[in-house]
Amino acid sequence: VRTMELLQLRYFKLTAESQQITRTASKLNISQSSLSKTIKSLETELGVPLFRREGRSIRLNENGQEFLKYVNQALEALESGKKALIDRNQIDYPDLILHVQAGISALPNLIGGFMKKYPGIHVIISKKQYCEFDKAKRSCDLTISLPMTDAVNDKFSITIFEEDMMMAFSKNHWAAGYSNIALSQLRNERFISFTKAAVYRYDTERFCQKAGFAPDIVLECYDWVTLCRFVEIGMGIAFVPQYTWSDYANNRLALVPISSPHCTRRINLSWSDGGYLSESALLFRDYAIEYIESYVKNKII
């Protein structure tokens, strides 16, 4: 691949993502005319247009959407090759970059144990809960997240942890002393949840739908500590995972098991489709599986 051809692919990808010539050119620190010429040259070489021009913005047409899939694969393969060569020619373990979208409160014990076992591995944690999942997977080694699918495992993902969801109330709520509760009994309650970009919000709506109603969500938060605080002061009720939020929830909230429907959530460990996994990532993946198996037996989180 000649340098110019590789630049064409990278320029095309960035332009496709930003949908603006001006913004992309500024990000690349090149002129708009230079970027436009590069895109035009690529279209000429391919023999088809890739974009629709709409005023100051541009949009991928069907050709561009199809071509972008292969460009992403090609650039990811090159990045994987680069990582493989770095690993092959260095003495120390490569850095481990974890993108965390769920289970952040359980990480200290998990990562602490891993780093004690492998003290030479430098761990970097990226926590951008609401960024696009596919982009997150491409920019890190492994992703810890909540899946929006009923499939337990696939070729590039494993479930490392599963926990029941409890119903969280303030201490003086009428249901606070219940031994268990059917979700349908709460159809007239005010719910607190995350924004619509979060899987937690999707699960909140999905669980209530199974119980035959749509939740009245009166407050939206961006983090679980804030959500629990609002529940604590009586602003509404919320679903709380049984274990991973336990440090805060068990002490300050009334947690009641849900008798029906059965509400659970899974935390998955995922990696880029077909991407290269460094030795550090492989070691962490194996350690995480062993750790969770130990947790299930001993409740150590």
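**Helix 8**

I began just after helix 8 of this predicted model, where Gly-234 takes a positive phi of about 85°. At the other end, the start of helix 8, I found a side-chain oxygen of Asp-223 that reaches to within 3.2 Å of the backbone nitrogen of Val-225. I then looked up which residues of helix 8, which runs over residues 224-232, are buried, and noted Trp-224, Leu-227, Cys-228 and Val-231. Viewed down the helix axis, these buried residues fall within an arc of 95°, so they line one face of helix 8. For their packing partners I listed strand 6 (157-169), strand 8 (190-194), helix 7 (199-210), strand 9 (216-221), strand 10 (238-241) and helix 9 (246-252).

**Nonpolar cores**

I turned next to the largest nonpolar core, which has 36 residues, and wrote down those with the most contacts inside it: Met-167, Phe-169, Leu-183, Phe-191, Leu-227 and Phe-239. Leu-227 had already come up among the buried residues of helix 8. At least two residues of this core are supplied by each of strand 6, strand 8, helix 7, strand 9, helix 8, strand 10, helix 9 and strand 11 (254-260). Apart from this core lies another, of 29 residues, and I noted Val-100, Ile-158, Ile-160 and Val-199 among them. Going back to Phe-239, and not counting residues up to four places away in sequence, I found that its contacts include Met-165, Met-166, Met-167, Leu-183, Phe-191, Tyr-200, Phe-207, Trp-245 and Ile-258.

**Leu-255**

I picked out Leu-255, whose place is in strand 11, and asked myself whether it counts as buried or partly exposed. Leaving aside neighbours within four places in sequence, I listed its contacts as Met-166, Met-167, Ala-168, Val-240, Ala-249 and Asn-250. I also checked Ser-179, which is 76 residues from Leu-255 along the chain, and read a separation of 9.3 Å between their C-alpha atoms.

**Helix 2**

In helix 2 (residues 21-28) I found Ile-21, Thr-24 and Ala-25 buried. They cover an arc of only 100° around the axis, which puts them on the same side of helix 2. On the other side of helix 2, Ser-26 and Lys-27 are exposed. Just after helix 2, I noted that Asn-29 takes a positive phi of about 60°.

**Aromatic pairs**

My count of aromatic pairs came to 14. One of these is formed by Phe-12 and Phe-51, which I recorded as edge-to-face, with 5.7 Å centre to centre and 65° between the planes. This pair links distant parts of the chain, since Phe-12 is in helix 1 (residues 3-18) and Phe-51 is in strand 1 (residues 51-54), 39 residues apart. I looked up the burial of Phe-12 and Phe-51 as well, and both are buried. Elsewhere in my notes on rings, I have a cluster in which ring pairs link Phe-114, Tyr-118, Phe-284, Tyr-287 and Tyr-291.

**Whole protein**

Last, I took down the overall values, starting with a secondary structure of 10 helices and 12 strands. Of the 301 residues of the protein, 46% count as buried. Among contacts between residues at least 6 apart in sequence, I found that 74% join residues at least 24 apart. The protein exposes about 16400 Å², of which carbon and sulfur atoms supply 50%.

Conventions:
Residues are numbered from 1 along each chain as its sequence is written. This is a predicted model: local features need pLDDT of at least 70, side-chain atom pairs count only at pLDDT 80 or more; totals for chains, interfaces and linings use all residues. Side-chain values use heavy atoms; hydrogens and water are left out. Buried means under 20% relative accessible area, exposed over 50%, partly exposed in between (1.4 Å probe, protein chains only). Helices (H or I, at least four residues) and strands (E, at least two) are DSSP runs, numbered from the N terminus. The arc is that of the directions from the helix axis to the C-beta atoms. Contact means heavy atoms within 4.5 Å. A polar contact is a pair of N or O atoms within 3.5 Å; within protein, one must be able to donate a hydrogen and the other to accept it, and residues adjacent in sequence count only if both atoms are side-chain atoms. Rings of Phe, Tyr and Trp (its six-membered ring) pair if their centres lie within 6.5 Å; planes under 30 degrees apart count as stacked, over 60 as edge-to-face and the rest as tilted. Accessible areas come from the Shrake-Rupley method with a 1.4 Å probe; for residues, only the protein chains shown count as cover. A nonpolar core is a set of buried Ala, Val, Leu, Ile, Met, Phe, Trp, Tyr and Cys residues joined through side-chain atoms within 4.5 Å.
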